[in-house]
Amino acid sequence: MSERSETPGEQDAPQPEPTPLLAPRGGVPEVTATAAGVAKLAERLAAGNGPVAVDAERASGFRYSARAQLVQLNRRGAGIALVDPVAAGDLSLLGDVLQDAEWVFHAAIADLPCLAEIGMRPDRIFDTELGGRIAGFERVSLGAMTESLLGLRLAKGHSAADWSRRPLPADFLTYAALDVDILLDLRDEVERALREQGKLDWAHEEFEAVRTARPSEPRADPWRRTSGLQQVKTRRGMAVVKALWESRDELAQQTDTSPGRLLPDRAISAAAAQLPTTMQQLLAIDGFSRRGALKHRRRWYAALQDALQEPESRLPRRTPPIDPNAPPSRSMGKENDVADRYALAREAVLQLSERLSIPAENLVPPAAVRSLAWTPPSPITAESVSAQLREHGARDWQIGQVAAQVAAALARHTPRD
């Protein structure tokens with residue numbers, strides 16, 4: 001869930017000081033941690049009414065997996081529930097009894113995958129964070145929206161904490177319960193704003209796109225995202241990065257430990273830049289001698305040796321192949337006509353973004369705009385642009401807003417060659 005530290009944007013009139021909300025209004029419930037407890041909770045939730053607020057806490061930064069470590073629920077007539085899916089196991093029973101309800105999230109895209117892993121798959125969702133973006137709110141963190149729309153200030157806390165700890169501390173549970181305590185009220189306020197602006201149907205289309213989105217394809221050469229890679233100047237060094245990254249990733253999966261806690265990126269990049277040849281030289285590099293990394297020193301040294309002995313013909317390239325879906329700053333600037341078309345299309349989108357008070361990335365998928373720059377349709381018409389936008393994930397409401405303007409912008413392009 002989004003952090004709570006942001007503040008709302010400018011208001012038309014001075015706002016009263018938000019009221020601190022330090023504990024859930026109905027108290028913090030006991031954690032449900034057994035299959036029998038889940039069955040009782042299912043009966044309670046089924047007896048409730050209306051939408052259900054849903055949140056999940058993970059242990060990002062501590063664990064390799066993105067599994068849910070705690071699930072929070074709140075439904076009018078049923079109250080708040082905290083569930084430990086690690087102890088209780090599959091929660092498909094809860095998903096079943098809530099099948100006909102609307103599930104309310106703040107930033108659903110972060111929670112849906114880990115909930116699906118434990119059997120909880122909604123049929124309808126409402127996303128207050130995404131709804132806030134479409135409604136034009138300048139700040140859409142949970143804390144900012146709670147302050148601006150509900151006049152309540154949530155206690156800052158544990159969004160980056162280790163939620164895999166057991167037992168979970170009392171202050172963790174209070175923080176978790178607060179997230180869903182206010183979410184139903186927040187949903188109603190966001191819906192009201194969307195309805196007043198004539199954007200509610202747009203928002204529902206976006207919510208459904210998030211709910212039904214397919215998992216992202218695995219990134220090619222994920223080791224190339226290692227921090228500090230720019231200091232590596234040789235193909236041999238790139239091989240060292242690849243070998244150490246892959247060895248670390250394998251160990252991280254086996255132990256369900258965040259990779260950075262085993263060996264920091266800076267250590268991998270430094271080893272690739274320096275190319276040490278002995279264990280002593282390797283351990284002299286900052287990061288390899290700290291306790292977590294030192295324990296696995298033989299593993300790192302073996303990966304290093306493999307990379308140093310790799311035949312020249314098999315060394316990875318220093319730079320990856322050009323990716324048409326990459327951000328424009330990485331490769332688009334090398335193609336003058338591509339850069340010109342992108343600038344024209346992007347300017348049209350930005351003008352619409354300002355007029356509609358919707359962030360550009362929510363108005364149309366950035367990859368769809370980039371596709372028009374790389375391979376524009378021929379001829380360029382509103383219909384052909386609409387078809388290409390749809391192929392790259394744009395929704396009907398987005399196409400209706402941007403296609404004609406982007407087509408007109410692209411038609412103004414004059415080839416340089």
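Two strands are said to pair if DSSP finds at least two bridges between them. Helices (H or I, at least four residues) and strands (E, at least two) are DSSP runs, numbered from the N terminus. The legends below concern a predicted model, in which local features need pLDDT of at least 70 and side-chain atom pairs count only at pLDDT 80 or more, while totals for chains, interfaces and linings use all residues. Residues are numbered from 1 along each chain as its sequence is written, and side-chain values use heavy atoms, with hydrogens and water left out.

**Figure 1. Overview of the predicted protein.** The protein has 21 helices and 8 strands. Along the principal axes, its C-alpha atoms fill a box of roughly 65 × 60 × 40 Å. Of the 417 residues, 48% are buried, where buried means under 20% relative accessible area, exposed over 50% and partly exposed in between (1.4 Å probe, protein chains only). A contact means heavy atoms within 4.5 Å. Among contacts with a separation of 6 or more, 70% are between residues 24 or more positions apart. Confidence is expressed as pLDDT, the predictor's confidence in each residue, from 0 to 100. The mean pLDDT is 92, and 93% of the residues reach 70 or more. Over residues 2-11, pLDDT stays under 50, and the model has 33 contacts beyond four places in sequence for this stretch.

Figure 2. An open sheet of 6 strands has the order 2-5-4-3-6-7, with mixed pairing. Strand 2 and strand 7 (125-127) stand at the edges with a single partner strand each, so one side of each has no neighbour in the sheet. Strands of a sheet pair through backbone hydrogen bonds, either parallel or antiparallel.

**Figure 3. Strand 5 and the strands beside it.** Strand 5 (residues 79-83) is mostly covered, with 4 of its 5 residues buried. Strand 4 (residues 70-76) pairs with strand 5 in the antiparallel sense over 5 bridges. In this pairing, Gln72 stands opposite Leu82, and Val71 has Val83 as its bridge partner. Strand 2 (residues 31-32) runs parallel to strand 5 and is joined to it by 2 bridges. Here Thr32 stands opposite Val83.

**Figure 4. Pro18, ahead of strand 1.** Pro18 is placed in the segment before strand 1 (19-21). Pro18 counts as buried because its relative accessibility is 11%. Beyond its neighbours within four places in sequence, Pro18 is in contact with Glu147, Gly151, Leu152 and Arg153. The C-alpha atoms of Pro18 and Leu154 are 9.3 Å apart in space, although the two residues are 136 residues apart in sequence.

**Figure 5. Glu206 and its polar contact.** Glu206 belongs to helix 9 (residues 200-211). With a relative accessibility of 3%, Glu206 counts as buried. The side chains of Glu206 and Trp397 are joined by a polar contact of 3.0 Å. A polar contact is a pair of N or O atoms within 3.5 Å; within protein, one must be able to donate a hydrogen and the other to accept it, and residues adjacent in sequence count only if both atoms are side-chain atoms. Apart from neighbours within four places in sequence, the contacts of Glu206 are Leu130, Ile134, Asn362, Arg395, Trp397 and Gln398.

**Figure 6. Leu363 in helix 18.** Leu363 is part of helix 18 (residues 360-363). Its relative accessibility is 0%, so Leu363 counts as buried. Not counting residues up to four places away in sequence, Leu363 touches Val349, Leu352, Ser353, Leu356, Ile358, Trp397, Gln398, Gln401 and Val402. Leu363 and Gly119 are 244 residues apart in sequence and 32 Å apart in space, C-alpha to C-alpha.

**Figure 7. His296 between two helices.** The loop between helix 14 (291-294) and helix 15 (297-308) holds His296. His296 counts as buried because its relative accessibility is 18%. Leaving aside neighbours within four places in sequence, His296 is in contact with Leu251 and Leu262.
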